[in-house]
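I opened this notebook to record, entry by entry, what I looked up about domains, interfaces and charged pairs. The structure comes below, and my notes follow it.

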Amino acid sequence: MAIEFKNVNYVYQAGTPFANSALTNLNFKIQPNAYTALIGHTGSGKSTILQLLDGLIKPTAGQILFDGHVIDNKTPQKDLAKVRQHVGIVFQFPESQLFEQTVLKDVMFGPQNFGKTPMEAQKLAEKALKLVNLPAEYWQKSPFDLSGGQMRRVAIAGVLAIEPQILILDEPTAGLDPVGRKEMMTMFAQLHAKQNLTIILVTHQMEDVAEYADDVLVMAAGKLVKHADPQTIFADEAWLQEQQLDVPHAVMFRNKLVAQGFDLPKNIVNVEQLAKSLQVKLRGDGLNE
Amino acid sequence: MDNIIEVKNVSYQYPNSDYKALDNLSLTIRKGEWVAIIGHNGSGKSTLAKLLNYLLVPDTGELIVDKQPVIEENMWTVRNKVGMVFQNPENQFVGATVADDVAFGLENRGISRQKMLEIIPMALKEVHMEAFADREPTYLSGGQKQRVALAGIIAVAPKIIILDEATAMLDPKGRKEVIAAILKLKARLGDELTVLSITHDIDEAADADRIIVINDGQVVDEGRPAEIFSAGPKLLELGLDVPFAEQLKSALNNLGISVPSKYLDEEGMINWLWQLNSKM
């Protein structure tokens with residue numbers, strides 16, 4: 001599903017003395033099946049964008065287009081609900097939203113809420129639980145008897161069960177250990193590839209941005225300050241630091257080497273690329289002798 | 001130096017659980033030491049922290065904190081010695097303002113109002129949050145919240161601070177702020193403060209004097225950070241990120257470039273690469 005923001009503004013408590021502009025004149029397009037990272041310092045407007053994408057709030061001015069379907073300030077609430085059916089959002093620490101007696105029932109809640117029969121909902125739930133790799137032996141257990149990582153998988157299955165076309169991930173790996181983080185991000189990459197999902201990832205983990213995203217939106221003080229691919233974004237460390245953002249470790253290390261006099265390409269974003277460039281450099285110099 | 005924490009053959013199993021969270025675990029921590037405890041999710045790290053503060057009671061074995069056995073009659077004495085900062089900053093606020101929140105621990109200990117008025121600004125200053133004394137905690141960033149939680153602990157001057165994944169939920173800036181605040185406190189108090197940090201964060205672990213690795217409820221390894229970090233990619237299994245220099249080493253190794261086997265930090269790695277480059 002394609003998403004377009006056209007001159008979107010959002011003001012909290014508009015028309016009151018407490019009016020506070022959160023987003024100013026936002027314009028961008030997200031292509032169907034893109035994996036977009038949304039990055040920015042705390043308070044830059046990321047959460048407001050997520051709420052707009054999920055139809056929880058409407059733009060104060062401007063339009064949001066979902067495959068051409070327009071959402072603006074005048075859109076009735078029930079039309080927002082239609083959009084919401086296509087957008088799955090995984091909030092931070094989603095496991096805190098589990099509530100049902102069994103894993104299966106918890107995952108069935110979303111589809112039933114959108115009007116599916118219990119039979120249909122169960123099929124969707126089982127499919128979603130398979131997608132998150134939770135073995136069937138857990139399905140009849142209480143979600144509260146599972147480990148933290150498993151609980152998070154159940155919560156994510158609950159989002160996938162509504163078969164969204166857009167999946168929004170808000171810091172999905174916070175609090176997990178490194179192996180758990182890797183498993184979670186690999187799972188999303190597989191979903192992106194196999195289910196044709198459009199993914200929007202909100203994160204502070206620049207390693208993940210470099211590894212998984214093909215498109216990056218950088219927000220600062222309610223404005224979109226850069227929209228490019230990860231290589232372009234991470235090529236300017238000084239600029240990112242001004243936005244109080246980090247670069248991936250590989251970029252930081254490359255820049256340190258360059259400062260020491262190494263001549264290395266600019267488009268390095270991960271450790272494998274860095275190792276390869278160093279190999280060429282070390283071998284290349286060796287051959288010249 | 002004296003041992004400030006002794007854990008002797010401690011086992012603990014959660015009700016309804018099929019396995020022991022801690023299985024005959026023993027360790028000692030010396031007064032003034034900064035120890036990082038690492039292990040993957042579910043390895044038993046947090047259980048250990050809770051036992052030290054008598055939030056949980058061991059099934060078997062014994063814990064001693066500053067010469068006091070951790071048992072019911074000593075519960076309050078022990079808790080006075082051990083301050084804990086938990087993972088989720090939202091879960092540990094009780095005060096309506098930042099200053100009230102720092103006051104909570106002092107009130108619990110029956111400190112006079114006059115004394116509190118001296119201690120609270122000092123504690124907030126220690127973590128650079130003095131400008132926020134009258135603010136509502138809700139409006140603070142994660143890093144600021146954790147620093148206020150830390151101020152609440154500094155105010156009651158415990159001998160031991162336990163950080164239970166205290167930086168896990170923070171953004172990189174917040175993480176740096178909290179680590180900087182703890183480093184500063186430790187530098188000021190020296191051996192009067194023992195720090196136990198339970199963490200997955202490589203930078204936090206690198207600040208420790210010693211790292212203890214826990215897996216399946218048992219101590220599986222311990223050593224200086226450089227010793228532990230030299231495990232390279234195996235660190236992932238232990239629940240820790242692999243330091244970048246080690247990641248690069250194994251990536252180079254995979255490409256057929258022979259690399260030194262001993263642990264190199266980033267600077268060491270740069271020097272090594274530079275020497276290799278100039279030799280060619």
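This is a predicted model: local features need pLDDT of at least 70, side-chain atom pairs count only at pLDDT 80 or more; totals for chains, interfaces and linings use all residues.

**Entry 1**

Entry 2: I looked up the division of chain A and found domain 1 at 3-246 and domain 2 at 248-289. Taken over C-alpha atoms, the centres of domain 1 of chain A and domain 2 of chain A are separated by 35 Å. For the contact between them, I noted 9 residues of domain 1 of chain A against 9 residues of domain 2 of chain A. The area buried between these two domains of chain A is about 760 Å², and carbon and sulfur atoms give 62% of it.

As for the elements involved, α7 (206-212) and α8 (230-234) of chain A each supply at least two residues of the side of domain 1 of chain A that touches domain 2 of chain A. The residues of that side divide into 5 nonpolar, 1 polar and 3 charged.

**Entry 3: chain A against chain B.** I next turned to the interface between the chains, where the contact takes 32 residues from chain A and 32 residues from chain B. Together chain A and chain B bury about 3,000 Å², with 67% of it on carbon and sulfur atoms. How many salt bridges does the rule find across the interface of chain A and chain B? It finds 3 salt bridges, and I wrote down one pair between the chains, A:R181 with B:D241, whose side chains meet at 2.6 Å, N to O. The count of residue pairs in polar contact between chain A and chain B is 4, both residues at pLDDT 80 or more.

On the side of chain A that touches chain B, the elements that give two or more residues are α6 (178-194), α10 (249-259) and α11 (271-288) of chain A. Of these, α11(A) gives the most, with 11 residues. I sorted the residues of this side of chain A as 13 nonpolar, 10 polar and 9 charged.

**Entry 4: A:T173.** I looked up A:T173 and found this residue in the loop between β7 (166-170) and α6 of chain A. Is A:T173 buried or exposed? A:T173 counts as buried, because its relative accessibility is 4%. Leaving aside neighbours within four places in sequence, A:T173 is in contact with A:R152, A:R181, A:M184, A:M185 and A:D208.

**Entry 5: a salt bridge within chain A.** The side chains of A:E183 and A:R153 meet in a salt bridge at 3.5 Å, N to O. A:E183 lies in helix α6 of chain A and A:R153 in helix α5 (residues 148-160) of chain A, so the pair ties together parts 30 residues apart in sequence. I noted A:E183 as partly exposed, with a relative accessible area of 44%, whereas A:R153 is buried, with 11%.

**Entry 6: salt bridges within chain B.** I found B:R210 and B:E33 joined by a side-chain salt bridge of 2.7 Å, N to O. This pair links distant parts of the chain, with B:R210 in strand β9 (residues 210-215) of chain B and B:E33 in the loop between β2 (22-30) and β3 (34-38) of chain B, 177 residues apart. B:R210 counts as buried at 11% relative accessibility, and B:E33 counts as buried at 6%.

A further pair is B:R175 and B:D201, whose side chains meet in a salt bridge at 3.6 Å, N to O. B:R175 lies in helix α6 (residues 172-189) of chain B and B:D201 in the loop between β8 (194-198) and α7 (202-206) of chain B, so the pair ties together parts 26 residues apart in sequence. B:R175 and B:D201 are both buried.

Note on methods: Residues are numbered from 1 along each chain as its sequence is written. Chains are lettered from A and ligands numbered from 1 in the order in which they are written. Side-chain values use heavy atoms; hydrogens and water are left out. Domain bounds come from an automatic or database domain assignment. Contact means heavy atoms within 4.5 Å. Buried area is the accessible area (1.4 Å probe) that two parts lose on being put together, summed over both. Helices (H or I, at least four residues) and strands (E, at least two) are DSSP runs, numbered from the N terminus. Ala, Val, Leu, Ile, Met, Phe, Trp, Tyr, Cys and Pro count as nonpolar, Asp, Glu, Lys and Arg as charged, and the others, Gly among them, as polar. A salt bridge is a side-chain nitrogen of Lys or Arg within 4 Å of a carboxyl oxygen of Asp or Glu. A polar contact is a pair of N or O atoms within 3.5 Å; within protein, one must be able to donate a hydrogen and the other to accept it, and residues adjacent in sequence count only if both atoms are side-chain atoms. Buried means under 20% relative accessible area, exposed over 50%, partly exposed in between (1.4 Å probe, protein chains only).
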